Amino acid sequence: MTIDSGRRPAAGEPVGDVGVTRPGPTRRPTSRPAWLGQHLGTAVVGAVAGYAVGHWLGNQIASAYPNTAGASGLNDTAVVLGLAFGVVGWLAGIGALNYPLAKLVGREPVTPEPQQGWMRYFKYSTDHKVVGMQYLVTVLVFFFTAGLLAMAIRTELLTPANHFFGPDIYIAVVGEHGTMMMMMASSAVVGPLGNYLVPLMIGSRRTAFPRVEAASYWFFAAGYLVILTALPLGGFPTGWTGYAPLQTQSAGGMDSYLVGFGVIGIGMILAGFNLAVTIIHFRAPGMTWNRVPVFVWSMLATAALLTLATPTLVAAGLFGVLDRTAQTAFYVTEHGGSQFLWQNLFWFFGHPEVYIMALPGFGIVAEMLPVFTRKPLFGYRVAAAGMLGVALLSFFVWQHHLFQSGINPDMRPLFMLTTELISIPTGFIFLVGLGTLYKARIRMEVPMLFALGMYFNFLIGGVTGVFLSDVPVNVTVHGSFFVMAHFHYTIMGGLIFALFGGIYYWTPKMTGRMLDQKWGKIHFWTMFVFFNLTFFPLFIVGLLGQPRRVFEYAANLQVWNDISSTGAFLLGASFLIFVGNVVWTMVINPRTAPANPWASNGLEWQTPTPVPYFNFERIPVVLNDPYHYGDPEPAPVADLGAGLAMAVAGATADPSTGLDPR
Amino acid sequence: MPDAPAPRHFRRMVAVWFVLSAVTDPLFYFLAGPHIPPGKMTSSANGAQFDFNVLFIIALPVVIAVWVYLGYAIWTWRASRGGPEPVAGPYSRGHLGLQTGWISVSTVIVLGLFVFGTYELVVPAGAGGGEGPNPIWSPASKQILPVQVIAQQWMFTYRYPTYGGFETRNLVLPADTNVAFHVTSLDVIHDFWAYQLGVKADANPGQDDVAYTSTGSQLGRFMVRCDELCGIWHGAMYNTGHIESAAAFQSWATTQEQTLAATTKLLPPFAWTYTPDANGADGGFYPDNRDPYNKVEMYGAQKVTS
């Protein structure tokens, strides 16, 4: 395999085939067409068959017991087992179990040939670039599904007391929207951009555990289907927080919530430790810790949170499933359990989760700012320290969600302190951003607009977070629309703005095609204006006394609610611009992107487009951090030929070592 | 063209920031401040309003600083305005003094907010928030009216232990009185949010969650809403309470006590919680064996002898 990198070898630089041939296991040549193998279709068949088997088994086991739900008339054991077996069937259908099962029975597993063509996106691929694209499409589908539910909520809230939905439908929609958005956002950047870009940015040919990486995606996709089943099963009335004992008394949709979070949680853990190990162990020679791109720092902090916090969620969900099916009493006060246990476990996961959703956004904007200001990143170490500081502190703040709950009330000052402390490392991110803008040459391209929009929104979200951390103010705003506006400003205004900036920024690399910039600007401005139009009035609504998740509110709040609803519909419409842009420039009228449209120094832009299967012909030797913009003597970021530079970088690794990503 | 003296960017920004902050902060405090929810009906509402205003006055200059900087930077240094490529001088990768200053200032603000918030929480006896069954911050006064709030799907009822423990759906409070809300639930987690009173406490099954406030001279209605998602009719779980003069309250409460006496006898005896627990699965109403009519705990409440 030869790769034309379009780069002329410098004088004295060795040229040739060194390191191009790779040793690998003998592969069985495949001659059958791609659609005959295992792909999305067989996964769906496996999921349906698995659900049927599990449901039948559950009815065999537990049909004689009175079910805990009662209202739906469903046997919760059958639903839970159906969903669990469905996920197993899904994984078997896609082929995730082939390798471990072959190992289990002592056979040498067959590693399939790297696939080409569009069918590989529907298969169990261990190529981090394919997994990244799979994640990206699924995240967008997830986001738009949950976004439609958000517009349904705003439709119901158009009037104080006239109803578009019954209260049961409304509460199901609210819970479904929140849960789907949280599930989506926890992998929104780590999945697509983390998997796709981190190996390219650190000069690696693959991630550490490609099969784990593939499994993380297929768990994520299974989670989408599982949480969708909540709607036909009657929804769940608890919102995304799932508080017991309401959880224990709820109908069948609650099982989808618990199993769904469990499945998503497993995917998050897998994605997290794969990424963490990749960043720690798979950096190219010369990629020292103070040359690692700041996006990779954010991915490392996020990966640590994913790996350490998510197991709590999975365990808590398992307890909930057992309470509902096997009649255990983890969360049942009357039988020796405690409803506080769920609150504590859930938020012990839930607050790090909030930063799982914030840190990647910081990483994206900090990565883009130097490119669009033509200046080095201001305070690189401060940025890295800020991200790690936020990640560390996020484990010590969870009870600020429980200030009014009666759980260890004498600890409130401590949690007030830790919560307010977290604004210090968050402030680092602002220092880095503002410092980079100073005396810069700001190119207002579409990704830069999203980055600046993120700073605008996150400032409001962050400052209102300080209000929430103050216990006397919290007495008024806790559980109101104020909280809801606050976290939409941080997650939607922060993470989602950064994600769309990242999509505009990196799609030329990921797809080889350029999104239309004029329509991109229109998308940004409509999204920015209507986002603020939707969520800013909700601060006022919350302060004026409207609790979250209600379908009736005081009549004097209708004006503010209607402004918000109008904004929400227009915000939804702004995403049509994005979808239209994608369809037009990617499918109908594709335009080949320039190799490096933003003139970035990043290592990911030094690879050919489309990125070859092994990313780099040779493992590059990194010479500098990628932020040498405006330097009087610009230094190359990396030596892709990996020749003489080895000596300069003082690296010891053999650059010709190509690890087979499978 | 001779070189113009380098514009003093920081000085300009600080000037704009200072003027804007100096104008908007007092404007906010004097125009909006007195109307900030939840108002001034009780001590805890007053405290919440005061805290909100203080935080807003601190937050506004911070937000303005970032906005002024962003606006100035975009206006002055955008590429379409021409100008040379920026040169990566020694300060472009970081500036020790600036970074230290930023971190110091934010740390000082944060620690100040922590001290302020703790003072405002501890001194007004929990600031109207739920403090669990054994509050460590309570009012010094012993003249406290206990009101029990019982939440269930999907309504609130109230019991007045000092008036024989009658149960009603009307929440009436006397003016100029210390009130202790004892919030509990019969089924799932609810939250008692008396909006204008600045009181919020989760209603947990099997737990007595205490929140204190102190009514002032202001009479009138206030809104009570459930603030923790409790099932499909959560949005319809609200009612209205009243603050009346002490004399009006006294006559209302004694009348209620007499009118409802027959009903009160049929109710479960007054207790801190009403759900059976691990020690009383047959429906014991005193799961923790605490006497609800203990004079110390209930500020002199008298048990009715029937």
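Modeller: Happy to. Helix H11(A) packs against helix H17 of chain A, residues 481-511, at an angle of about 45° and with 8 Å between the axes. The model is a predicted one, in which local features need pLDDT of at least 70, side-chain atom pairs count only at pLDDT 80 or more, and totals for chains, interfaces and linings use all residues, while side-chain values use heavy atoms, with hydrogens and water left out. Residues are numbered from 1 along each chain as its sequence is written, and chains are lettered from A and ligands numbered from 1 in the order in which they are written.

Helices (H or I, at least four residues) and strands (E, at least two) are DSSP runs, numbered from the N terminus. Axes are lines fitted to C-alpha atoms, for helices over the stretch in contact, and angles run from 0 to 180 degrees between N-to-C directions. Under 35 degrees counts as roughly parallel, over 145 as roughly antiparallel, 65 to 115 as roughly perpendicular, and the rest as oblique. H11(A) and H17(A) are therefore oblique to each other, and their crossing is left-handed (the near helix is turned anticlockwise from the far one by less than a right angle; clockwise would be right-handed).

A second pair to look at is helix H14 (residues 423-437) with helix H15 (residues 446-469), both of chain A, whose axes are 12 Å apart and meet at about 140°. That angle makes H14(A) oblique to H15(A). This crossing, of H14(A) and H15(A), is left-handed.

Most residues other than glycine have a negative phi, and most peptide bonds are trans. With a relative accessible area of 48%, A:Gln327 is partly exposed (buried means under 20%, exposed over 50%, partly exposed in between, with a 1.4 Å probe and protein chains only). In chain B, B:Ala125 has a positive phi near 55°; this residue sits in the loop between H3 and E1 and counts as buried at 5% relative accessibility.

The one from A:Thr609 to A:Pro610 is cis, with omega near -10°, and A:Pro610 belongs to the loop between helix H19 (558-588) and E1 of chain A. B:Pro37 and B:Pro38 are also joined by a cis peptide bond, with omega about 0°. B:Pro38 is in the loop between helix H1 (9-32) and H2 of chain B.

Now to the charged side chains. A salt bridge here is a side-chain nitrogen of Lys or Arg within 4 Å of a carboxyl oxygen of Asp or Glu, and six are counted over all chains. B:Glu131 and A:Arg412 form one, their closest N and O atoms being 3.2 Å apart. That pair crosses between chains, from the loop between helix H3 (96-122) and strand E1 (144-152) of chain B, where B:Glu131 lies, to helix H13 (residues 412-421) of chain A, which holds A:Arg412. Both B:Glu131 and A:Arg412 are buried.

A:Asp625 and B:Arg93 form another salt bridge, with 3.2 Å between the closest N and O atoms. The pair crosses between chains: A:Asp625 is in the loop between strand E1 (621-622) and strand E2 (638-639) of chain A, and B:Arg93 is in the loop between helix H2 (43-77) and H3 of chain B. A:Asp625 counts as buried at 10% relative accessibility, whereas B:Arg93 is partly exposed at 33%. Salt bridges that share partners also join A:Asp76, A:Asp255 and A:Arg324 into one network.

Within chain A, the side chains of A:Lys129 and A:Asp127 meet in a salt bridge of 3.1 Å, N to O. A:Lys129 is buried at 5% relative accessibility, and A:Asp127 is buried at 6%.

Finally, A:Ala384 lies in helix H12 (residues 380-393) of chain A and is buried, with a relative accessible area of 7%. Its C-alpha atom is separated by 9.8 Å from that of A:Leu300, 84 residues apart along the chain.
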